Amino acid sequence: MRMIIANRLVDGLVVFYQENGGWSEDIAEGAVITDEAEAARCFKAAKSDEENCIVIDPNLIDVTDESGSMRPVAIREAIRAFGPTV
Amino acid sequence: MYRYDEFDQKLVSERVEQFERQVERRLSGELTEDQFKPLRLMNGLYLQLHAYMLRVNVPYGTLSSRQMRTFADIARKYDRGFGHFTTRQNIQYNWIKLEDAPQILRDLADVEVTAIQSSGNCVRNITSDQYAGCARDELADPRKYCELLRQYSVLHPEFSYLPRKFKIAVTGSPNDRAAVAVHDIGLRMHRNDAGAIGFEVLVGGGLGRLPYIGHTIREWIDPEDILSYVEAILRIYNLHGRRDNIHKARIKIIVNQMGIEKYRELVEAEFERIKNGSLKVPAEEIERIDAYFAPPEHETLSDEGGLLAAQGAESPEFARWLDSNTVAHKLPGYSIVNIPLKAVGKPPGDVDADTMDTLADLADRFSFGEIRVSHRQNLTFVDVRQRDLMTVWRELDALDLARPVLDAISDMICCPGLDYCALANARSIPVADDINRRFVDVDELADVGELKINISGCMNACGHHHVGHIGILGVDKRGKEFFQLTLGGSSDQNASLGDRLGPGLPQDEVPEAIAAIVEQYKTLREEGERFLDTYRRVGIEPFKAAVYDSEEPKVVA
C-alpha cells in the first residue's frame, strides 16, 4: 500500500494526497493507493499540483495498516506524518 | 556591540523587500522551486521535514536583550513558542510558514538582526569565543575582526555563489573555544615580540563526511591585511573548488587534494597581487569598529572570593554551581556565568519564548543587557558582578538553567536530527535525552568531570561528533537507527578527530555504552586526568573492551 506525501508550499506543512484531489495534513484522510495505475494517476495529479504551486516534492511512500490506522513504513516518513518524537 | 548605521539599515531593509517580492513570485509560480531555492537559502530559509526552518544570524554569538526579546516574540507569533541555538552560534525556528518569512525578516531587521547568508553557498556567520572581551586568557577581543569580516563577506558580489558553504571562526585566546581548527578558515590570534596583534591563518578544516583538521597556511598576518588574505583564499577556492559533486565541493577537499604547499603558493601569489589594493584595512577603520566593542561601564571592584566562599559554605548547591558554571572574568569583582541549555527532557539548545524574555530581563539587570551564544549550544552572561552571583543563581535555578553541568556529560552538543532535519538518518535528541537521564546525579557528573559528548544525526556532522571527546553518529542500517561511537576528538587548540570505537549500537544500548566508557575511565585515570587525557594515554583498546566485550572490561596497567 502507498500514499503520496508532500510539503505544502505556502507553509511547508506535511500533507497527504486525497481521493478528491485535495491535500490533507491528516494521514487518515489520505488516499491509499493499491495498484500501479492508480499510483501513476495520483502521482501525475500531484506533480501537476507542484507545478501549480500547491505542494513541493510529492513522493509515493510505503504505508502499512496498523490496526485500522495508516502509518508510513519508513521512520522518516512516520516522523513527517506524526511530528517530532520529542 | 555593533550598531547599524544608515547604510546597514537601508541595505538590510532593501534585502527584505527584495525577498518579499521573491516569495510573491514563488507563490504565484513565476519562480520555480529550483530558481527560488538558492534565493531563500541565502536568506536562511530551509524546507525541512515538517515545515520551513529559518536560521537567524547571531554575529559571533553576541546578542542584546532587545534582540532576545524579539526572538521570543517571533517564537510566539510565528512559530511554536521556542527557538533552537546552534553549533554556529545562530538561532533556528522549526515551524515557519513561507508566507510569514518576509515579515519575520522585517521584525528582525527592526532590531538589527538578519538571516542573510546564514545558509547558501556563501560565507556564513562568523563565529567566535563566547567569552570574547572578558576572558582572562584572551589576547584581545576578537569581535572587531569578526565584524570586519562580516561586513566584508555579506553580499560580497564575487563570493555569493561559491562551490559550497564557507565557515570562518576566530579566536582571541590561545585556549580555543571557537573550534577554529575545523573551519574552512580559522583565525588564531597571536602577539608578536613587538607586542602587536596578528593572526595565524588556518585553512581547510572541516567536519562532515570527510573531516579534516585545518592546515596553517600562514603563521602571521597583520590585521590590516586580513581582508586581502581572506579574499585571496576565497578567490583561489572559488576558482578551483569542485562544482561537480556537492560532497567534494568544500575548500578542505581541494586543500588536501592539492596539498597545503600548492594551495599556499596560489593564495600567496594572489595576496601579493591585491594586498595594497582597496582591501587594506586602515588602522582608523579597525579603531572605528573597535569602538562598537568598547567594554561596558564596569565598576571598579575588588575580588569577592571571600564572600563567595562564605555563601558557598551556607549553600553547597550554590558552591557547586559556582565551581561548575562560572568562569573567572578578567576584571576583579566580575564573573562569567554559563547557562547550559541542557535540561532533562528538553532538546539540547532549545529555549522557550518565556524563558527568552526572562533571560533578557536578567541580562538587563545583571550583565549590561548582553547575552552570548556558545557553539556548544549554551548561553552566557559575561559581565556579572560577583556579589550578584547568588541572586543570578537563584533566578537561573527557577528556570531550571542552573544545573552544574558545564563541559560535563550532560552538556552535550546535539543536532536536531531526524525529528526535524531532512538530511538526518537517525534521531539524535532522544539519544541525548537518554544519556542525560542516565547521568542525572550531579555528584557523579562532578566526579567524571570534563567529558564533551557530541551527537550528530547524520554524516553532515552538524553536531560536531568528530571532535567530541565522545562522538555519537546516527546511521541508518536497513531502515533502523544505529549509533556509532568515536573517542578522543577535540576541537580546541590541540584538535583531533575521534577514533571509531566499533560497530553501531541500537539506541537503547547507547547510555550503557557511555556508562561503560565512563567506568573504564574512572578505573584507568591518573591524578588530574580528564577523560580525554586518559584516552590519549591509554588508547582505544580498553574502551573497546569495556563496550563490546561480554566479559569484564580489561584493565590496562
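A salt bridge is taken here as a side-chain nitrogen of Lys or Arg within 4 Å of a carboxyl oxygen of Asp or Glu. Between chain A and chain B the count is 0 salt bridges. The model is predicted: local features need pLDDT of at least 70, side-chain atom pairs count only at pLDDT 80 or more, and totals for chains, interfaces and linings use all residues. Residues are numbered from 1 along each chain as its sequence is written, chains are lettered from A and ligands numbered from 1 in the order in which they are written, and side-chain values use heavy atoms, with hydrogens and water left out.

Polar contacts do occur between chain A and chain B, with 8 residue pairs counted, both residues at pLDDT 80 or more. A polar contact is a pair of N or O atoms within 3.5 Å; within protein, one must be able to donate a hydrogen and the other to accept it, and residues adjacent in sequence count only if both atoms are side-chain atoms. Two elements of chain A, β1 (2-8) and α2 (75-82), each supply at least two residues of the side that touches chain B. The largest share of that side, 4 residues, comes from α2(A). Helices (H or I, at least four residues) and strands (E, at least two) are DSSP runs, numbered from the N terminus. By residue class, the chain A side divides into 10 nonpolar, 4 polar and 4 charged. Ala, Val, Leu, Ile, Met, Phe, Trp, Tyr, Cys and Pro count as nonpolar, Asp, Glu, Lys and Arg as charged, and the others, Gly among them, as polar.

Chain A gives 18 residues to the contact and chain B gives 27 residues, where contact means heavy atoms within 4.5 Å. The two chains bury about 1800 Å² between them, 66% of it on carbon and sulfur atoms. A:Val10, A:Arg76 and A:Val86 lose the most area on the chain A side, together 26% of what that side buries. Buried area is the accessible area (1.4 Å probe) that two parts lose on being put together, summed over both.

Chain B has 18 helices and 21 strands. Its C-alpha trace spans about 60 × 60 × 55 Å along the principal axes. Buried residues (under 20% relative accessible area, 1.4 Å probe, protein chains only) make up 62% of the 557 residues in chain B. B:Asp388 lies in the loop between β15 (379-385) and α13 (389-398) of chain B. At 12% relative accessibility, B:Asp388 counts as buried.

Definitions and conventions: Buried means under 20% relative accessible area, exposed over 50%, partly exposed in between (1.4 Å probe, protein chains only).
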